[in-house]
2 protein chains.
Amino acid sequence: MARAFTIVMAGGSGTRFWPLSRADRPKQLLPLAGGEESLLASTVRRATRVTAPEDVLVVTSERLAAATRAALPSLPAQNILAEPVGRNTAPCIGWASSRVARIDPDAVCAVLPADHHIADEDGYAEVLARALDAAAQGDIVTVGIRPSRPETGYGYVEMGEAIGEGVHRARRFVEKPNRQRAEQFLAAGTFLWNSGMFFFRAGTMLDAIRTHLPGLGQTLDRLLAAAPEDEAEMVREVYPGLPDVSIDHGVMEKVSDVAVVPADFGWSDLGSFASAWELAARDSDDNSLPLSALTIDASGCFVRAPAGKVVALVGVTDLVVVDTEDAILVLPRDRAQDVKKVVAALQRRGDEELL
Amino acid sequence: MARAFTIVMAGGSGTRFWPLSRADRPKQLLPLAGGEESLLASTVRRATRVTAPEDVLVVTSERLAAATRAALPSLPAQNILAEPVGRNTAPCIGWASSRVARIDPDAVCAVLPADHHIADEDGYAEVLARALDAAAQGDIVTVGIRPSRPETGYGYVEMGEAIGEGVHRARRFVEKPNRQRAEQFLAAGTFLWNSGMFFFRAGTMLDAIRTHLPGLGQTLDRLLAAAPEDEAEMVREVYPGLPDVSIDHGVMEKVSDVAVVPADFGWSDLGSFASAWELAARDSDDNSLPLSALTIDASGCFVRAPAGKVVALVGVTDLVVVDTEDAILVLPRDRAQDVKKVVAALQRRGDEELL
């Protein structure tokens, strides 16, 4: 089999886990699935089941580069690619693919978001291996998660005919549906959640970008032609001019030879404190608590606080209470999405040091 | 008029304001009525409207003596009387009365709890003056608060005939009633809440103690006979042997010449975070918040946090959220009384440093 690389997309600066997550400490750097391991470190650890550590590339922002390197001490420093500005996933994947192509144009790549949770890691490793195999045949491959509910928050991919063991032709990508369509998708059984994972030969992706995003393609060709020691400076120079476009819109929806591997390995995109609560270890009252918490008639709560700080809950249900050194959040679990309203309000009132 | 002393009872170590209140920082040392002034400092400030500052005595525990002196820098240090062990209100008032009698046996005394809130301070000063005048005639006088609701948490005093302008004979003291009796008391119009404030000539109180609590009386006579420089050592020696009895049970219910001054000066005993919320300044959503708080769809909440700490509340109603350096409390306002359950649980699990 061809040499396999992993490209971890770790540039996110999500606001849905404030006050735990901050601009300098975004979701992927937090141990949101429990334990001590950050989501990013978990992603890299899982990736090393199909990729050598020296073949794991992590794309992040310049702002997060130092923290990202610190979170991944086992990776070579040059494997952390720092984008000078954020330009969505197409430039990110393009740059990383050019880095891989420079080493081995026939290598296959697994592109993985840094901030997802996987319950069944063995099943996951099998799916990665299968998707990389399919990518080695020349297709661009995605992993589609078998839906467990009529979710309206995700994009979908429709499965076509089987083209191999556990590999299907992808018929089309569909944007986030309304409730009615989501229910139809669930009933049909052929629609999968778009996981944001992509697999391809480096040369295949670069060709697809040259065809469908020619401006980006030309810039990547200049990067490929440059001496390795000039790459960082050139990236700083060209990145601001790159198009802000996602790999889905810019490439996946336009290429014809897309395959999809349907999967069911306990995937969660950990989109809010509510999903963190769902994944977390919980006591007999369904509370997810730090050791120092104390509850009386409290249930269904999600509590986080600095080590040793006592959080006492009395007579409350389904509440999120998150304490940090400089801020506390209290809201009902079913309003966990409204954390972003808090962040927006802090931005409006100019509380920059809290963001 | 006779020289007037104030005796502030400040030995309390209440647990109903945890985590703000601690064994070393009890309720009376906190600014629970808003602003910066502790309840104790407010009590002393109000007392100086009828008493010179050098004639304000404050009885507290040895543990709290230093913090109490620090909270009252305008009082002479020797005016802080430190009880080596707590022995309820009769020994406390007895000791302070002996101190006053040593200076001037004809002086009148106002005994005031340290941790109440008074909304109408002018009305309060008038009542104190009236009660001190009545006490100068030789009665033991109490202040009775006109009830505004059928409260079952307080003792009552029944008013008899008027014996002067705004002064009545006290017919009897009644323990905390059940709901039905409390409603009868409210309807009758002659029952007042026992405020725990007492007024008397020092010699009158000492005589009453000699009659009704002769053991305590003998000890107080030994204290009176001792040289002033020996008082502290003698107190430390005799206090552990004193009876643990309240002034109500030990004296007030037994003496015949008790007068009561009915009053209505916006009194609150600040018994819980719920009463603190009632007294506090609130925004248009009925939230009592620190400046740094941020609310979205939140109402009726009581929030306290260290300066600068941001407390963000989303979609919660009638909640108490109190943050301190080492502990947070979250509970519904109508369960504010259950704070003591939290304190009991911390005691059980041995978290002494949090108490």
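Two residues are in contact when they have heavy atoms within 4.5 Å. In this predicted model, that criterion applies to helix α3(A) and helix α6(A), where residues including Ile93(A) and Ser97(A) of α3(A) meet residues including Met205(A) and Leu206(A) of α6(A).

**Helices α3 and α6 of chain A**

- Two packed helices are described by the angle between their axes and the distance between the axes.
- Helix α3(A) covers residues 89–103 and helix α6(A) covers residues 202–212; they pack at an angle of about 135°, and their axes lie 9 Å apart.
- Angles over 145 degrees count as roughly antiparallel and those from 65 to 115 as roughly perpendicular, so α3(A) is oblique to α6(A).
- The two helices cross in a left-handed manner.
- On the α3(A) side, the contact is made by Ala90(A), Ile93(A), Gly94(A), Ser97(A), Ser98(A), Val100(A) and Ala101(A).
- On the α6(A) side, the partners are Ala202(A), Met205(A), Leu206(A) and Ile209(A).
- By class, this contact has eight nonpolar residues, three polar residues and no charged residues.

**Helices α7 and α8 of chain A**

- Helices α7(A) and α8(A) pack at an angle of about 160°, with 10 Å between their axes.
- Because angles over 145 degrees count as roughly antiparallel, α7(A) is roughly antiparallel to α8(A).
- The crossing of α7(A) and α8(A) is right-handed.
- Thr219(A), Arg222(A) and Leu223(A) of α7(A) meet Glu231(A), Met234(A), Val235(A), Glu237(A) and Val238(A) of α8(A).
- The residues of this contact comprise four nonpolar, one polar and three charged.

**The cavity**

- Rolling a probe the size of a water molecule over the atoms shows where empty space is left.
- The structure contains one cavity of 30 Å³ or more, and the volume of the largest cavity is about 30 Å³.
- Its lining consists of Leu216(A), Thr219(A), Leu220(A), Leu223(A), Val235(A), Val238(A), Tyr239(A) and Leu242(A).
- The elements that give two or more residues to this lining are α7 (214–225) and α8 (231–238) of chain A.
- Helix α7(A) supplies the largest share of the lining, namely four residues.
- Seven lining residues of this cavity are nonpolar, one is polar and none is charged.
- Thr219(A), Leu223(A), Val235(A) and Val238(A) are among the residues that line the cavity, and they also take part in the contact between α7(A) and α8(A).

**The second largest pocket**

- The second largest pocket holds about 1,300 Å³ of space.
- Of its 42 lining residues, Asn88(B), Thr89(B), His116(B), Gly196(B) and Asp248(B) are the closest to the centre of the pocket.
- The elements that give two or more residues to the lining are β2 (56–61), α3 (89–103), β8 (167–174), β9 (191–201) and α9 (247–252) of chain B.
- Strand β9(B) contributes the largest share, four residues.
- The lining of this pocket has 13 nonpolar, 19 polar and ten charged residues.

**Backbone details**

- In chain A, the peptide bond from Trp18(A) to Pro19(A) is cis, with omega near 10°.
- Pro19(A) lies in the loop between β1 (4–9) and α1 (39–47) of chain A.
- In chain B, the peptide bond from Trp18(B) to Pro19(B) is cis, with omega near 10°.
- Pro19(B) lies in the loop between β1 (4–9) and α1 (39–47) of chain B.
- Leu270(B) is not a glycine, yet it has a positive phi of about 45°.
- Leu270(B) is placed in the loop between β11 (267–268) and α10 (273–279) of chain B.

Methods. Residues numbered from 1 in each chain as written. Chains lettered and ligands numbered in written order. Predicted model: local features only at pLDDT ≥ 70, side-chain atom pairs only at ≥ 80, totals over all residues. Heavy atoms only, no water. 1 Å grid on protein atoms, 1.4 Å probe; cavity = no way out; pocket = protein on both sides within 12 Å on 5 of 7 lines; lining within 4 Å. Points joined across faces, edges and corners; volume = space filled by probe spheres on them. Nonpolar A, V, L, I, M, F, W, Y, C, P; charged D, E, K, R; others polar. Axes fitted to C-alpha atoms, helices over the stretch in contact; angles between N-to-C directions. Parallel < 35°, antiparallel > 145°, perpendicular 65-115°, else oblique. Left-handed = near helix turned anticlockwise from the far one by under 90°.
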